[in-house]
Amino acid sequence: MRFLLAMATYASTVLLCTAVLLCFHLANAADCAKEDIQLSKEVNDFRASKGLKRIPISGHLTKVARVHAISGSGDCGNLHSWVKDSQEPARWTPCCYTGSAEQDCMHRKPKEITSG
């Protein structure tokens, strides 16, 4: 059961990142906002079907998801990692998530990105 929940969470993350990347190709912000709302509904419907709590959509969640989708994971090979920011000054610190010892690194990213 635990494995299935982990896979459902991973699948919803992949869906979120993929849709966010697609949203960047839309011509205007209004269409992008509609895509964000639709994606949130689809991800939450999927989570609910697996017995997981719904995640409320917010401007901060959308901003972090977009930045993360663009930044990629570099050589780390997983969606939890963050490569070095290409902007100066950097909006976040890079980290390669390989296990629970680095979980604080990925948990700090939303605050780093949205408080700047």
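In which helix does V43 lie? In this predicted model, where residues are numbered from 1 along each chain as its sequence is written, V43 lies in helix α2. Local features are reported at a pLDDT of at least 70 and side-chain atom pairs at a pLDDT of 80 or more, whereas totals for chains, interfaces and linings use all residues, and side-chain values rest on heavy atoms, with hydrogens and water left out.

The protein chain holds 4 helices and 0 strands, and from the N terminus on its elements follow the order α-α-α-α. Helices and strands are taken here as DSSP runs, a helix being H or I over at least four residues and a strand being E over at least two, with numbering from the N terminus. Of the 116 residues in the protein chain, 27% are buried, where buried stands for a relative accessible area under 20%, exposed for one over 50%, and partly exposed for values in between, computed with a 1.4 Å probe on protein chains only. The protein chain exposes about 7,800 Å², and carbon and sulfur atoms supply 62% of this area; accessible areas come from the Shrake-Rupley method with a 1.4 Å probe, and for residues only the protein chains shown count as cover. Among contacts between residues at least 6 apart in sequence, 39% join residues at least 24 apart, a contact being defined by heavy atoms within 4.5 Å.

V43 counts as buried because its relative accessibility is 9%. Although V43 and I55 are 12 residues apart in sequence, their C-alpha atoms are 8.5 Å apart in space. I55 also belongs to a nonpolar patch on the surface, formed with I37, I57 and L61, and these residues together have about 330 Å² of accessible area. Patches are made of residues with over 30% relative accessible area and no salt bridge, with like charges joined within 9 Å and nonpolar side chains (Val, Leu, Ile, Met, Phe, Trp, Tyr) joined within 5 Å.

The structure holds 6 salt bridges, each being a side-chain nitrogen of Lys or Arg within 4 Å of a carboxyl oxygen of Asp or Glu. One of them pairs D45 with K41, with the closest N and O atoms 2.7 Å apart; both residues lie in helix α2 (residues 29–49), where a spacing of 4 residues corresponds to about one turn of the helix. D45 is partly exposed at 33% relative accessibility, and K41 is likewise partly exposed, with a relative accessible area of 45%. The side chain of D45 also meets that of R54 in a salt bridge, at 3.1 Å from N to O, and R54 is partly exposed with a relative accessible area of 47%. Through these shared partners, salt bridges join K41, D45 and R54 into one network. Another salt bridge is formed by the side chains of E88 and K84, at 3.8 Å from N to O, and both E88 and K84 are exposed.

The structure has 1 disulfide, a term applied to a pair of cysteine sulfur atoms within 2.5 Å. In general, a disulfide is a covalent bond between the sulfur atoms of two cysteines. Here the disulfide is formed by C95 and C105, whose sulfur atoms are 2.0 Å apart, and the link is left-handed, with -120 degrees about the S-S bond. The pair links distant parts of the chain, 10 residues apart, with C95 in the loop between α3 (59–71) and α4 (103–114) and C105 in helix α4. C95 is buried, since its relative accessible area is 11%, and C105 counts as buried at 9% relative accessibility.

Helix α4 is also the place of K109, a lysine that is classed as buried because its relative accessible area is 0%. When its neighbours within four places in sequence are left aside, K109 is in contact with W82, W92, T93 and C95. A polar atom of the K109 side chain lies 3.1 Å from the backbone oxygen of T93.

How values were computed
A polar contact is a pair of N or O atoms within 3.5 Å; within protein, one must be able to donate a hydrogen and the other to accept it, and residues adjacent in sequence count only if both atoms are side-chain atoms.
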